[in-house]
Amino acid sequence: MFRRVFVLTLVLSFALGDAVAERPRYDGAAPVAFMYDMSSGAVLLSRDADRRIPPASMAKMMTIHVVFDLIAQGEHTLDEECRVRPDTWREWHSAGSTMFLSAGERVSIENLLHGVVTVSGNDASVVLAECISGTESAFAALMNRKAEQLGLDNSRFGNSTGWPDEGRSYVTARDLARLAVATIRRYPDLYAQFYPRREFTWGRTMGNDNPITQPNRNPLFGQVDGADGLKTGHTEEAGYGFTGSAEQEGRRLVMVIAGLDSYDGRVSEATRFMEWGFNAWDSRKLLSQGARIGTAQVQLGDAGEVGLVAPRNLAMTVPAGLAGERRVHIVYRGPIKAPIAEG
């Protein structure tokens, strides 16, 4: 996490004359829904987004995030092998979604990640957790420390799978979106390697010994251009949920829906919601990464001012078809006391 040394705000306004900009409406079926535009930081829809809900398999996003982080830090590698404990196999080989692991086999972290991301394998999640932390409960403690670091104030994880645990695990739609954004921004290469995969083959059928290929359950695949993540979830307690992302022409949206009552309903709602985000809203480019925006006054420094530079491409999100002149103003709390770290 970056330490904030001062607060800087770009105040954005449109000169619209007599025009009135109405916020696009979305009347979807999901009782819980949230959409975030990563290009501008705008929240496009928030419906009961801070209500604590059971995560179901969307909890695996945090399992994946923790493993990505450990790989990025060099503490583990993709080719490192993990052993499937017989007790773990007995508990999870037929419990919900499975990668079809075998007792005693050794599997690379890379393949276990595919088993979690693509086919939502509960067995793969638990084997990863035990391989990294010794026990699943110890790994859950890692998940909760990471949640605290990411500012997921209304989320807690009791296990690596999202399996119902008498209410110990809970999330909110806003926190799930924050987790998705953090994964996409911090680990873009790992995200691109694992999340867009459409199917995964592991294990063999009994009797004829044919390889088992399972599809990715992402409801946006084949429905929305640019869709490349993230995770579905379903239990009787939670209903059907989904955290998804898609990128079109450099603009990336992250969406969360939860509490739906059917598989098909999740597919249609996810597709309709994401299409609304891209079609009902426009992204207007403001600044390119590295562009110098202006300056801020400095107190007690060798120089009297410091340059303000765009950390990434910056845009604003407005209702589709809105015309007008963009005006940008810099607002900050200052003067800023030296020394000031770059960034």
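Tutor: The following account takes the cavities in turn. The structure is a predicted model, in which local features need pLDDT of at least 70 and side-chain atom pairs count only at pLDDT 80 or more, while totals for chains, interfaces and linings use all residues. Residues are numbered from 1 along each chain as its sequence is written, and side-chain values use heavy atoms, with hydrogens and water left out.

A cavity is a set of points, on a 1 Å grid over the protein atoms alone, where a 1.4 Å probe fits but cannot get out; lining residues have an atom within 4 Å of a point. Grid points are joined across faces, edges and corners, and a volume is the space filled by probe spheres set on the points. By this rule there are 2 cavities of 30 Å³ or more.

The largest cavity holds about 50 Å³ of space. Its lining includes Val-117, Thr-118, Val-119 and Ser-120, together with Asn-216, Arg-217 and Asn-218, and also Leu-230, Lys-231 and Thr-232. By class, the lining has 3 nonpolar, 5 polar and 2 charged residues.

The second largest cavity has a volume of about 30 Å³. Val-84, Thr-88, Trp-89, Trp-92, His-93, Leu-101, Asp-123 and Val-127 line this second cavity. Helices here are DSSP runs of H or I, at least four residues; α2 (86–92) and α4 (122–133) each supply at least two lining residues, and the largest share, 3 residues, comes from α2.

Terms used:
On a 1 Å grid over the protein atoms alone, a cavity is a set of points where a 1.4 Å probe fits but cannot get out, and a pocket is an open set with protein on both sides within 12 Å along at least five of seven lines; lining residues have an atom within 4 Å of a point. Ala, Val, Leu, Ile, Met, Phe, Trp, Tyr, Cys and Pro count as nonpolar, Asp, Glu, Lys and Arg as charged, and the others, Gly among them, as polar.
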